[in-house]
Amino acid sequence: MAEAIRQQTYTIYPIIQPGIYPTLKTINFYLIKRPEGIVLIDAGVDSDDCMERLEDTLKQAGADLGDLEAILLTHHHEDHVGLVPRILENRDIPVYAHREAVPRLRLDREFLEMRLAFFKQLYIEMGGGGRGAGRFAKMEQTIRDAAQNAIRTEIIEIGEGDRVFGFEVMETPGHSPDCITFLDTDGRTAFTGDVLIEGSSVNAIIDPAMNGSRLPSVSQQRRSLERLAGLGADVLYTGHHEPVRNTDELVRDRLSRMDRKCEKLLGLIGSGVTVPARITEAYYKDLYRTQFPLVMSEIIGHIDYLEEQGKITKTMEDGVWNYHLS
Ligand SMILES: [Zn+2]
């Protein structure tokens, strides 16, 4: 069990679950104990092992499941909300999350169908043709299972500047549209989810907003990283791996990686590879076939960023976007 970390007005009990993904060594979430009550920041993965870790940590804090007052979510991804249904079985408590998390947690049918149509159209327009079938099948399954898997408890929407359980909310989107950072009131400590991870480069991921528009994932992620660096916090408690103490250095590294990727993409576009799917194939080789949604997302995000920066422009030819140097 991880050691408790005493702050001035509260105690942090980190819950560290060994990773279930090849690229992530740990999945972290946090029990926060104040004199006023106990809350969770994120909720791990849906496994017996993880549930046991939560119960052991509650015991360590002199509490049990019945003492939990709320779950605060940094974002809706499955490795951050896994135990929510099991916790709610024991006790009906509210979940605090960004408004973009709500239809994703509720598995809102209309939203999920919009999202499926969004990706079908995106892959075609970006030159991916019929690819993405595996992803679409999974999304269709999610829609079919929505009724039994949706989170049904009260979800309280939070956003920039709100205060919850002694934390200030900062919106830090990019990895996901609903990413939130919880900053403690003295500004020395923040819980940042997956915005910046030690030893792993976080992908900005393409996803539609609730209104169906494509969010500028890379420029959002850059701004979120810059905001984290600007906080001047001593430590960031992250969704994976060790806490981050060298925020400035890591942020500079992540931004320069993105810059290098942009330079390579400009090189490819300049050499006449103009369709995003072909750019992705040239850049990622075999991963284009094995990790299609992920690598397409990564390239589309960077292309959107280059377009925003005025470095490239696009034309539609036979229903497919072609990008050109400006
Ligand atoms: Zn994660």
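This report describes the domains, the domain interface, selected residues and the salt bridges of a predicted model.

## Domain organisation

## The interface between the domains

Contact between the domains involves 10 residues of domain 1 and 11 residues of domain 2. About 890 Å² is buried between domain 1 and domain 2, and carbon and sulfur atoms account for 50% of that area. Ile206, Arg214 and Val218 together supply 50% of the area that domain 1 buries against domain 2, a share that exceeds that of any other three residues.

The side of domain 1 that touches domain 2 consists, by class, of 5 nonpolar, 3 polar and 2 charged residues. There is 1 salt bridge across the interface of domain 1 and domain 2. Arg214 and Asp304 form a salt bridge in which the closest N and O atoms are 2.7 Å apart.

Ile300 is located in helix α11, which spans residues 292-308. With a relative accessible area of 1%, Ile300 is buried, because it falls under the 20% cut-off. Beyond residues up to four places away in sequence, Ile300 touches Leu122, Met126, Ile206 and Arg214. The separation of Ile300 from Leu122 is 178 residues in sequence, but the distance between their C-alpha atoms is 9.6 Å. Two of the residues that Ile300 touches, Ile206 and Arg214, also belong to the trio that supplies 50% of the area domain 1 buries against domain 2.

Ser219 is found in helix α7 (residues 217-231). Its relative accessibility of 17% places Ser219 among the buried residues. When neighbours within four places in sequence are left aside, Ser219 is in contact with Tyr305 and Glu308.

## The surroundings of Tyr237

Tyr237 forms part of strand β12, residues 235-238. At 6% relative accessibility, Tyr237 is classed as buried. Apart from residues up to four places away in sequence, the contacts of Tyr237 are Ile5, Ile12, Tyr30, Thr189, Ala190, Phe191, Thr192, Gly193 and Pro243. Glu69, which is 168 residues from Tyr237 in sequence, is 21 Å from Tyr237 in space, C-alpha to C-alpha.

## Residues with positive phi

Leu107 is not a glycine, yet its phi is positive, at about 50°. Leu107 sits in the loop between α4 (102-106) and α5 (109-125). With 16% relative accessibility, Leu107 counts as buried.

Lys285, also a residue other than glycine, has a positive phi near 50°. The loop between α9 (276-284) and α10 (287-290) holds Lys285. In contrast to the buried Leu107, Lys285 is exposed, with a relative accessibility of 59%.

## Salt bridges

The model contains 19 salt bridges by the rule applied. In one of them, the side chains of Arg104 and Glu100 meet at an N to O distance of 2.8 Å. Arg104 is buried, with a relative accessible area of 8%, and Glu100 is likewise buried, at 10% relative accessibility.

Another salt bridge joins the side chains of Lys120 and Glu140, with 3.5 Å from N to O. This pair connects distant parts of the chain, as Lys120 is in helix α5 and Glu140 is in helix α6 (residues 133-149), 20 residues apart. Lys120 is partly exposed, with a relative accessible area of 34%, and Glu140 is partly exposed at 31%. Glu307 and Lys314 also form a salt bridge, their closest N and O atoms being 2.9 Å apart. Both partners are partly exposed, Glu307 with a relative accessible area of 25% and Lys314 with one of 29%. Elsewhere, salt bridges with shared partners connect Glu100, Arg104, Arg115 and Asp207 in one network.

Methods:
Residues numbered from 1 in each chain as written. Predicted model: local features only at pLDDT ≥ 70, side-chain atom pairs only at ≥ 80, totals over all residues. Heavy atoms only, no water. Contact = heavy atoms within 4.5 Å. Buried area = accessible area lost by both parts, 1.4 Å probe. Salt bridge = Lys/Arg side-chain N within 4 Å of Asp/Glu carboxyl O. Nonpolar A, V, L, I, M, F, W, Y, C, P; charged D, E, K, R; others polar. Helix = DSSP H or I, 4+ residues; strand = E, 2+ residues; numbered from the N terminus. Buried < 20%, exposed > 50% of the residue type's maximum accessible area, 1.4 Å probe, protein only.
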